[in-house]
Amino acid sequence: MKFKGIYTPVITPFHENGEINFDAFAEHVNYLSDNGIHGLMIGGTTGEYYVESHQERIELLKTAKEVVGNKTSIIFGTGSIDPAASIALAEDGAKHGADVLLVATPPYSLPTQKELALHALTIDRAANLPIMLYNYPDRMGVNMESEFLDRVGQSKNFCGIKESSGDINRLHMLMRDYPHIQASCGMDDQALEFFAWGAQSWVCAGSNFLPKEHIALFEACVINNDFNTGRKIMSAMMPLMHVLEQGGKFIQSVKHGVSLDGRNAGTVRKPLRGLNESDKRQLAQVIKTLKTTIANITADTPVTKASAKKGDK
């Protein structure tokens with residue numbers, strides 16, 4: 001499995017009563033696929049998987065698969081505090097059309113590197129699908145260290161890692177010591193650095209409402225090797241990244257961005273609450289400026305001569 005392009009961790013729209021709005025979800029998935037997104041991540045953190053039941057998560061996968069078919073790759077999240085639940089998600093994910101599994105550290109338990117590797121290998125055996133690892137120590141409490149990466153290397157299915165630690169030294173380690181595990185940017189403000197080091201994919205929540213702009217950075221850096229343009233685009237994106245990361249309002253901001261873009265993003269599930277009016281106004285202004293700036297940048301650059309095939313395998 002080759003990870004190349006922009007991968008969107010898809011939001012889950014909820015009705016005011018807390019139920020999933022599957023119609024809005026299907027519309028949003030179709031929008032992302034039609035607008036050139038290379039892969040969809042269903043059941044990631046941005047999708048609020050941690051407040052969804054097993055059946056809800058599988059229904060989201062089935063809905064996405066019905067919408068995109070084989071047109072766009074689907075990465076299905078198996079994250080859970082309970083390892084047995086992750087195994088069950090992996091098994092059902094394989095049954096219902098997932099192309100790749102996302103395997104994270106079970107939060108709170110703080111496993112050793114050996115224990116974490118045994119957990120990941122058990123999920124691998126349960127589904128036998130390509131796997132993208134998810135290293136997010138701020139949420140999970142444990143880094144996926146070299147010992148872990150060496151152990152899971154027993155299986156060829158471990159072919160990617162969404163690196164969300166924020167530690168640029170880990171990017172250097174991954175690219176130098178584990179070239180067979182494709183590093184995918186999972187820390188938005190480091191996307192340019194990941195591309196400069198040879199990474200070819202970016203899992204970015206902002207692409208839920210700015211697919212064209214995120215694809216523009218990927219194409220500048222990865223397809224055209226034009227890091228002068230890439231730096232300009234990245235600079236234009238930085239204010240948005242600052243807004244998304246401030247004060248624990250990441251998912252709420254992403255959903256409001258989708259609403260501003262004209263689709264029904266629904267509400268968030270508790271314990272989260274929606275943005276206040278001041279937050280909404282700030283986000284709207286940042287998005288407006290970003291769109292205008294990047295449109296001007298891309299208008300001044302040569303037309304892209306090549307693009308990644310969606311869902312490269």
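Colleague: Where is N225 found?

Modeller: N225 is found in the loop between α9 and α10, where helices (H or I, at least four residues) and strands (E, at least two) are DSSP runs, numbered from the N terminus. This is a predicted model, in which local features need pLDDT of at least 70, side-chain atom pairs count only at pLDDT 80 or more, and totals for chains, interfaces and linings use all residues. Residues are numbered from 1 along each chain as its sequence is written, and side-chain values use heavy atoms, with hydrogens and water left out.

Colleague: Why is N225 called exposed?

Modeller: The relative accessible area of N225 is 58%. Exposed means over 50%, buried under 20%, and partly exposed in between (1.4 Å probe, protein chains only). N225 is therefore exposed.

Colleague: Why is E48 called buried?

Modeller: E48 has a relative accessible area of 0%, so the term buried applies to E48. The residue lies in the loop between β2 (39–42) and α2 (54–68).

Colleague: What is the phi of E48, and what is that of N225?

Modeller: Phi of E48 is near 60°, a positive value in a residue other than glycine. N225, likewise not a glycine, has a positive phi of about 50°. Most residues other than glycine have a negative phi.

Colleague: What makes helix α9 mostly covered?

Modeller: Twelve of the 13 residues of α9 (residues 211–223) are buried, among them H214, F218 and C221. What covers the buried residues includes β1 (5–9), α1 (22–34) and α12 (277–299), contact meaning heavy atoms within 4.5 Å.
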